[in-house]
Amino acid sequence: FGTARFLGTSPVLNIVVLLLCVILRKMHVDSPVVECIAFFYSGGLSALALQHFSKTKYHTGLKILAACIAVLVPILVYTSGMLWPKYLIHFALLTYIPTLLYCLANDFPAGPKMQLVIAIAGSVTYSSYLIHFPLQIVIALAFGYFNKPIPFYNAYFFVAFITTTFSCALLVYRYVEMPAQAYIRNTWMPAHATPVSWGSPNWIR
């Protein structure tokens, strides 16, 4: 985000950052930070490509190509039984996910209620990033206290964790992040402040 904020978001910058991430991985720098940066900029490159080609005559053809890749690659992997090494899986994700994003990035008609649901879902994502790790710590401490193994691969456990995470994220956004945003805007940007109320069209601003 810092490089995008201060250096811009040109395709060249995205490619350079991705190449640096690949070089670091080749040098056996196995860090979650490097992987996050790589996926962030691969998604950014996909968004820039969509922004550029959406106004050209190639847009429809590229959409069809991306859709074919998005559908055929999983089928090919499944039917061939490919057991890719770890570095190939990483490379595949870096190329397949941006292709999938390019394929699915469309304007879909949505009514006012659906727009509100989408706005809420988009707004609580950052809160979910913040809250999911403390929840994991609490779960680990609780299962450790009762000397029970954590059922990582249990579907019900996964659904319960996701539901709890987003429920807490919604509360965090409503009662922590929104007041903090209002305070910052009213204190530091009073000329641009926008009244915000829960459930209104401007509640995410």
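Guide: Asn-147 is found in the loop between α7 and α8. The model to which this residue belongs is predicted.

Visitor: Why is Asn-147 called exposed?

Guide: The relative accessible area of Asn-147 is 68%. The label "exposed" requires a value over 50%, so Asn-147 is exposed.

Visitor: What makes the phi of Asn-147 worth a remark?

Guide: The phi of Asn-147 is near 55°, which is a positive value in a residue other than glycine. Most residues other than glycine have a negative phi.

Visitor: Asn-147 stands between two helices. How do you know how α7 is oriented to α8?

Guide: The axes of helix α7 (residues 125-145) and helix α8 (residues 155-188) come within 8 Å and cross at roughly 130°. That angle makes α7 oblique to α8, because an angle has to be over 145 degrees to count as roughly antiparallel, and the range for roughly perpendicular is 65 to 115. As for handedness, α7 passes α8 in a right-handed crossing.

Visitor: What makes α2 roughly antiparallel to α3?

Guide: The axes of α2 and helix α3 (residues 32-53) come within 9 Å and cross at roughly 150°. Angles over 145 degrees count as roughly antiparallel, and therefore α2 is described in this way relative to α3. The crossing of these two helices, α2 and α3, is left-handed.

Visitor: Why is Ile-23 called partly exposed?

Guide: Ile-23 has a relative accessible area of 46%. Buried means under 20% and exposed means over 50%, so Ile-23 falls in between and is partly exposed. The residue Ile-23 is placed in helix α2 (residues 11-26).

Visitor: Which residues form a nonpolar patch on the surface?

Guide: The patch consists of Val-12, Val-16, Leu-20, Ile-23, Leu-24, Met-27 and Val-29, and together these residues have about 600 Å² of accessible area.

Visitor: How do you know how Ser-10 is to be classed?

Guide: Its relative accessibility is 34%. That value lies between the limits of 20% and 50%, so Ser-10 counts as partly exposed. Ser-10 is located in the loop between α1 (2-7) and α2. Although 38 residues separate Ser-10 from Leu-48 in sequence, the C-alpha to C-alpha distance is 8.0 Å.

Visitor: What makes Leu-62 partly exposed?

Guide: Leu-62 has a relative accessible area of 27%. A buried residue would be under 20%, so Leu-62 is classed as partly exposed. Leu-62 lies in helix α4 (residues 59-80). Its C-alpha atom is separated by 9.3 Å from that of Leu-50, twelve residues apart along the chain.

Visitor: What elements does the chain have, and how many of its residues count as buried?

Guide: There are eight helices and zero strands, so that the order from the N terminus on reads α-α-α-α-α-α-α-α. Of the 205 residues of the chain, 20% count as buried.

Note on methods
Residues are numbered from 1 along each chain as its sequence is written. This is a predicted model: local features need pLDDT of at least 70, side-chain atom pairs count only at pLDDT 80 or more; totals for chains, interfaces and linings use all residues. Side-chain values use heavy atoms; hydrogens and water are left out. Patches are made of residues with over 30% relative accessible area and no salt bridge: like charges are joined within 9 Å, nonpolar side chains (Val, Leu, Ile, Met, Phe, Trp, Tyr) within 5 Å. Accessible areas come from the Shrake-Rupley method with a 1.4 Å probe; for residues, only the protein chains shown count as cover. A salt bridge is a side-chain nitrogen of Lys or Arg within 4 Å of a carboxyl oxygen of Asp or Glu. Helices (H or I, at least four residues) and strands (E, at least two) are DSSP runs, numbered from the N terminus. Buried means under 20% relative accessible area, exposed over 50%, partly exposed in between (1.4 Å probe, protein chains only). Axes are lines fitted to C-alpha atoms, for helices over the stretch in contact, and angles run from 0 to 180 degrees between N-to-C directions. Angles under 35 degrees count as roughly parallel, over 145 as roughly antiparallel, 65 to 115 as roughly perpendicular and the rest as oblique. A crossing is left-handed if the near helix is turned anticlockwise from the far one by less than a right angle, and right-handed if clockwise.
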